[in-house]
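Hello,

Here is the structure I promised to pass on to you. Please have a look at it first, and then read my notes below.

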Amino acid sequence: IFGRNLDEFAIRLGAIFAIINLVLSAISLASATDPLDIASNAFFVAAAAIEVIAFVGGWICGLAAATTLAGIAVATIVSCCTYFAAALAIIGLIIMLVFIFEHHPSPIETFATGLAATAGFYMPLGFAIESLRPYAVKDQASRVAVTLGAGTTGVTGVNAAGALSITPFDNTMATAWLLTTDGRGLAKLTTVTASPTNPVLSVSVAAGPVVTAAPFVDNSTDMTQWWLPTLVEVPTTSTVTAPDGTTATVVTDGVFTFASVSAEGWYLDLRGSQPALSQTAVPITITMVSVAPQGLSMPNITLTTDKRDLSWVPIMTSFGSSPRTWQLSSPLPAFLSFDSTSGMIAQVLGIAPTVTPATTVTLTCANGVGIPATTTFTLTVTAPPPPPPLSPPPAAPANVEA
């Protein structure tokens, strides 16, 4: 059974292992479903089959005392078959290692991409958002740029006529939007314009339906200005430092679709070079941006030398992003102080104003973004008007005799 010598024993033992390997590989091949698993087991089956042929053929030839076959030495044929089988086995092993280290869906992933996806609960990015909330920087509103579609060279803005348009981003409120969200997961895009009649506009849906810039409505039940954002790509994050020195990892831009709440089935889109609505969900890039200060004004400072403890604060339609710096074109008199962090001018405690002729001063506010905001005001200090002259006391009434 075991052979007459060690060589015959090795041949028979090799044949037994080859047969076992062939059976196991065939079973694995029959149950494999992954292409790499099928390929790996196919190579193992071929290698095992060639080994069986080599060992069994060599054994039979040994029993028949045949040393050659078709003019070729049996030992050479057996050796060649063995080397060929080894090469096939190595190829199968490499494919098996690739298959092992390849990611295979877990039962949970299979459920998520199958039944859960059919029911609408699958999150292809591995996560989803309940609502879109921009990073809030201390003491300022968070502004965003809105890019419609892929490859668009411009952002959504509001032109001088108060209409939506596609224009290059200029760090002003004409191309930056205030993104607000609510507890329902809905979002609203609002901006401030220079229009005296409609200074605050929101991206809205009007009859048609068409998308337009309409006066802001502070009403949660008016759905024409509310949009449902859905995340479609993994967002980009960055570490930011707030004015108080604290740091946070925030999303600097993300790609979403914006579905109209009032016009079901319609999405914010780009048609030609104008914002529009379509029934196809298109990607919209929301990017956190910095905004330059705008609409600066300062009241004239008119004092008399007897006034005390007064202050004057600049007014802006948009203070822009922090940090801001303030500058004056000329120094103020000693009785006035200037706060370079807020632009406020105030009287200095304990120093009386002195008469100062009318002087024009330029106030500038800058934050390193876009064009600085400037305005002029007049500083005038005069003596108080003299008090009115005293009136003579009324004459005493004459005595009247009865």
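**Notes on the strands and the rest**

Strand β7 and strand β8 (residues 200–206) run antiparallel and are joined by three bridges. Before going on, a word on the source: this is a predicted model, in which local features need pLDDT of at least 70 and side-chain atom pairs count only at pLDDT 80 or more, while totals for chains, interfaces and linings use all residues. Residues are numbered from 1 along each chain as its sequence is written, and side-chain values use heavy atoms, with hydrogens and water left out.

Strands here are DSSP runs of E with at least two residues, helices are runs of H or I with at least four, and both are numbered from the N terminus. Two strands pair if DSSP finds at least two bridges between them. On its other pairing, β7 runs antiparallel to strand β6 (residues 177–181), with four bridges; T180 has K188 in β7 as its bridge partner. The hairpin of β6 and β7 has five residues between the strands, and G185 takes a positive phi near 85° there.

Five of the six residues of β7 (residues 187–192) are buried, where buried means under 20% relative accessible area, exposed over 50% and partly exposed in between (1.4 Å probe, protein chains only).

T191 counts as buried because its relative accessibility is 1%. The T191 side chain reaches the backbone oxygen of M173 at 2.4 Å, and a polar atom of that side chain lies 3.2 Å from the backbone oxygen of A176. Leaving aside residues up to four places away in sequence, T191 touches V158, M173, A176, W177, P199, V200 and L201 (contact means heavy atoms within 4.5 Å).

How many salt bridges does a search of the whole structure find? It finds one, a salt bridge being a side-chain nitrogen of Lys or Arg within 4 Å of a carboxyl oxygen of Asp or Glu. R184 forms it with D182, the closest N and O atoms being 2.5 Å apart. D182 counts as buried, at 16% relative accessibility, whereas R184 is partly exposed, at 42% relative accessible area.

Finally, helix α1 (residues 6–31) holds I20, which is partly exposed with a relative accessible area of 42%.

Happy browsing!

Technical notes. A polar contact is a pair of N or O atoms within 3.5 Å; within protein, one must be able to donate a hydrogen and the other to accept it, and residues adjacent in sequence count only if both atoms are side-chain atoms.
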